[in-house]
Amino acid sequence: MPLHPQAEAFLQKIQEMGGPPLNEMSPAEARQAAAAFADFAGPPDPVASIANQTIPGLLGDIPVRIYTPHGEGPFPIVVYFHGGGWVIGSLDAVDVPCTMLANRSRSLVVSVDYRLAPEHKFPAAVLDCYAATEWAATHAAELNGDSTRLAVAGDSAGGNLAAVVCALAREIGSVRIAFQALFYPVTNFDFTTRSYQECGADYFLTTDMMQWFWKLYLRSESDGSDWRASPLRLPNVRELPPAFIVTAEYDPLRDEGEQYALRLREGGVPVVLKRLAGQIHGFIWMPGVMDAGKEAVDDAAALLRVALAHSS
């Protein structure tokens, strides 16, 4: 379908704001520019509490932000990883969607401020995200959470990290993940898909931007073949958690997200796949101007409530 009017209005706003694309900035400049997207987030949902703290990781302390919904616990737990190409993004970038997810899924949300590239190359973000997931499971009781009802979620590069954490949890066996919600995830180090050809220039996230992100994230191109960077290359997807995968029609990442959904289904993993027609990358950060952000969170929350309804 044609570009959604809200997506079109956002692209026009970005054009009016001017400035170079992220891939022509330094990482520090790109992070500062990305902070402006808070203006598109809208108001947060009221939650019972929001707490910032640091937790231990293999590479040092990891900041997290914990959102507790109203009601009586123990609550299910959703560990959330923000997007931003492993280079930009922050706890603040996903503050509003995390409040929405906490309320609407009736879960305790642990948002993770993992280490960013290029200061911390692959697999630093993976190690931080897995450590945070283990920590959430281990400390569930003191958080008023239930470790037997634990899920992961993330957008874009955060969706990549959520998928990888699920595979690591299966391999290591130290934590059981019941569900994964992946919003337009990066799943493969590959720029040859049809969606890259169709949507790689004019729809906010560009091929040039993604190549820049990958170059800053990976130690070398050979890392791109490692499934911890490209979960689509997992040799075996059996027994991974059920998944909800959202893609956007005008997103260069559309096809790799949908390929990952197909791969999971072929491996016997239950998957709900939803492509949002007329939409572009990034709407999870911008529910204040894009109803698609609210729709995706609502859909994920509904599935999370079912998946995490009962302790195992």
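Contact means heavy atoms within 4.5 Å. This is a predicted model, where local features need pLDDT of at least 70, side-chain atom pairs count only at pLDDT 80 or more, and totals for chains, interfaces and linings use all residues. Residues are numbered from 1 along each chain as its sequence is written, and side-chain values use heavy atoms, with hydrogens and water left out.

**View 1. Thr206 sits in a loop between two helices.**
The loop runs between helix H6 (194-199) and helix H7 (207-217). Helices are DSSP runs of H or I with at least four residues, strands are runs of E with at least two, and both are numbered from the N terminus. Leaving out residues up to four places away in sequence, Thr206 touches Asn23, Gly200 and Ala201. Thr206 and Leu22 are 184 residues apart in sequence, yet their C-alpha atoms are 9.8 Å apart in space. The side chain of Thr206 also reaches the backbone nitrogen of Met209 at 3.0 Å. Is Thr206 buried or exposed? Thr206 is buried, because its relative accessible area is 13%. Buried means under 20% relative accessible area, exposed means over 50%, and partly exposed lies in between (1.4 Å probe, protein chains only).

**View 2. Gln180 is a buried residue in a strand.**
Gln180 belongs to strand S6 (residues 179-183). Its relative accessibility is 0%, so Gln180 counts as buried. Which residues is Gln180 in contact with, leaving aside neighbours within four places in sequence? Among them are Val152, Cys166, Phe244 and Leu264. The list also includes Leu240, Pro241, Pro242 and Ala243.

**View 3. Arg104 and Asp298 meet in a salt bridge.**
A salt bridge is a side-chain nitrogen of Lys or Arg within 4 Å of a carboxyl oxygen of Asp or Glu. Side chains of opposite charge can pair when their charged atoms come close. How many salt bridges does the structure hold? It holds 16. In this one, N and O are 2.8 Å apart. The pair links distant parts of the chain, with Arg104 in helix H3 (residues 95-105) and Asp298 in helix H9 (residues 291-307), 194 residues apart. Arg104 is partly exposed at 25% relative accessibility. Asp298 is partly exposed at 36%.

**View 4. Asp128 forms a salt bridge with Arg115.**
The closest N and O atoms are 2.8 Å apart. Asp128 lies in helix H4 (residues 124-138) and Arg115 in the loop between strand S4 (108-112) and H4, so the pair ties together parts 13 residues apart in sequence. Both Asp128 and Arg115 are buried.

**View 5. Asp299 pairs with Lys274.**
This salt bridge spans 2.6 Å, N to O. Asp299 is in helix H9 and Lys274 is in strand S8 (residues 271-280), so the pair ties together parts 25 residues apart in sequence. Asp299 is partly exposed at 23% relative accessibility, and Lys274 is partly exposed at 26%. Elsewhere, salt bridges that share partners join Arg194, Glu198, Arg254 and Asp255 into one network.

**View 6. The largest nonpolar core has 120 residues.**
A nonpolar core is a set of buried Ala, Val, Leu, Ile, Met, Phe, Trp, Tyr and Cys residues joined through side-chain atoms within 4.5 Å. Phe81, Trp214, Tyr217 and Phe283 touch the most other members. Helix H5 (residues 157-172) gives the most to this core, with 10 residues. Not counting residues up to four places away in sequence, Trp214 touches residues including Trp86, Val186, Phe189 and Phe191.

Definitions and conventions:
A polar contact is a pair of N or O atoms within 3.5 Å; within protein, one must be able to donate a hydrogen and the other to accept it, and residues adjacent in sequence count only if both atoms are side-chain atoms.
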